[in-house]
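Subject: Structure for you to look at

Hello,

Here is the structure I promised to pass on. Please open it alongside this note, and then read what I found below.

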Amino acid sequence: MRESNQSMISDFTLMGLFSHSGPHLVLFSLVAIIFTMGLLGNAVLLFLIHTDSRLHTPMYFLLSQLSLLDVGFPLVTIPKMAADFLQGEGSISFGGCAAQMFFLMLMGVSEGVLLSLMSYDRYVAVCHPLHYPVLMRRQVCLLVVGTSWLSGVLVASIQTSITLHFPYCASHTVDHFFCELPALLKLSCADTSAYELSLSISGVLILLLPLSLITTSYSHVLRAVLHMHSAEARHKAFTTCSSHITVVGLFYGAAMFMYMVPGTYHSPQQDNVVSLFYSLVTPTLNPLIYSLRNREVRMALVKVLGRTGFRSEMTCWRILHCSQDPPLQLRPVSFTVHVVQGVL
């Protein structure tokens, strides 16, 4: 028992994704670029939603929460993986492993619940537009966000505490680049088959219940869209809803493979690829999907960039003309200030 307890507080060793060979250095650089793009994309989306009054709607409030989760996902795993790669070691403490597992599960469950409730928002917007301000009022939006976060905290607390109570008296080398629940269970020297079965069942419930709500909501949305007489209204509904469906497909596809398919049916290499996909690639693609396919977000971005670019262009015009034509310095400067004030 003493040896078992000692093993539970020992460090783990993460295998990592890359070696220091040439091709792996290129792949590491690619991961670093994608990580940076994801953080910038979600940060820009959060900034636009916060600053542009036209985006102060329930849908964009929920979208800001999605971006917040997408910022957290890669921050939990990628910096640690990069530090291990650069230092040439992959040691992680018992507490660090527990924290990684907890926060990843918290954000994963929260995002799954949030995506399902965002489908309800689209259902109300398309099928009951006149009641939308009432059905999606501020209190309802806060309830939706609170439900998603509380669901994540509850599931993460239960699953993490159970997993870390198993004895790990064999190898402490995790065949993964972060501490994920299925990879950690393989190291336990106790019989975890019953828990793995319950984990698969709970994974089915956690994933299928939100998916059933999404399917129901979008079946009603599709029926309503097909009965619309305005081509512009149909196009707008399809554009907004297809963006959400694309994000749902990316997220749930990877999650279903990891948590609904038993561990004996996929290899550690497959787990690494799928985990990298939903912890890095999907959070990077989400803001691109919403910004490129959503007219309101594009307009807000163009407005911010256009305002900054206009000021810079007019400043350069003033400097250029003042240096080239000294006798006319006052006239162009006065005209420039007048135009800028008029635009703003």
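Ile34 is partly exposed, with a relative accessible area of 22%. That value is not under 20%, so Ile34 does not count as buried. Keep in mind that this is a predicted model. Ile34 sits in helix H2. Which residues does Ile34 touch, leaving aside its neighbours within four places in sequence? The contacts are Leu280 and Thr284. Leu280 is 246 residues away from Ile34 along the chain, yet their C-alpha atoms are separated by 7.5 Å.

Now go to the loop between helix H2 (22-51) and helix H3 (58-87), where you will find Asp52. Is Asp52 buried or exposed? Its relative accessible area is 6%, so Asp52 is buried, the cut-off being under 20%. Asp52 touches Ala300 and Lys303, if residues up to four places away in sequence are not counted. Met299 is 247 residues from Asp52 in sequence, and the C-alpha to C-alpha distance is 9.8 Å.

Next, a helix pair. Two packed helices are described by the angle between their axes and the distance between the axes. Take helix H4 (residues 94-127) and helix H6 (residues 138-164). Their axes come within 7 Å and cross at roughly 145°. The crossing of H4 past H6 is right-handed. What kinds of residue make up the contact of H4 with H6? There are 16 nonpolar and 9 polar residues, and no charged ones.

On to the record. The UniProt entry is unreviewed, and under "transmembrane region" it lists residues 25-48, 60-78, 98-120, 140-158, 197-216, 237-261 and 273-292. I looked at two of these spans in the model. Residues 25-48 are 100% helix and 0% strand, with end C-alpha atoms 35 Å apart. Residues 140-158 are also 100% helix and 0% strand, and here the end C-alpha atoms lie 27 Å apart.

Last, the chain as a whole:

- The chain has 12 helices and 3 strands.
- Of its 344 residues, 43% are buried.
- Its accessible surface comes to about 18,000 Å², and 69% of that belongs to carbon and sulfur atoms.
- Take the contacts between residues at least 6 apart in sequence: 77% of them join residues at least 24 apart.

Then move to Asp52 in the loop between H2 and H3.

Best wishes

Note on methods:
Residues are numbered from 1 along each chain as its sequence is written. This is a predicted model: local features need pLDDT of at least 70, side-chain atom pairs count only at pLDDT 80 or more; totals for chains, interfaces and linings use all residues. Side-chain values use heavy atoms; hydrogens and water are left out. UniProt positions are given in the numbering used here, feature names are shortened, and annotations may be inferred rather than shown by experiment. Helices (H or I, at least four residues) and strands (E, at least two) are DSSP runs, numbered from the N terminus. Buried means under 20% relative accessible area, exposed over 50%, partly exposed in between (1.4 Å probe, protein chains only). Contact means heavy atoms within 4.5 Å. Accessible areas come from the Shrake-Rupley method with a 1.4 Å probe; for residues, only the protein chains shown count as cover. Axes are lines fitted to C-alpha atoms, for helices over the stretch in contact, and angles run from 0 to 180 degrees between N-to-C directions. A crossing is left-handed if the near helix is turned anticlockwise from the far one by less than a right angle, and right-handed if clockwise. Ala, Val, Leu, Ile, Met, Phe, Trp, Tyr, Cys and Pro count as nonpolar, Asp, Glu, Lys and Arg as charged, and the others, Gly among them, as polar.
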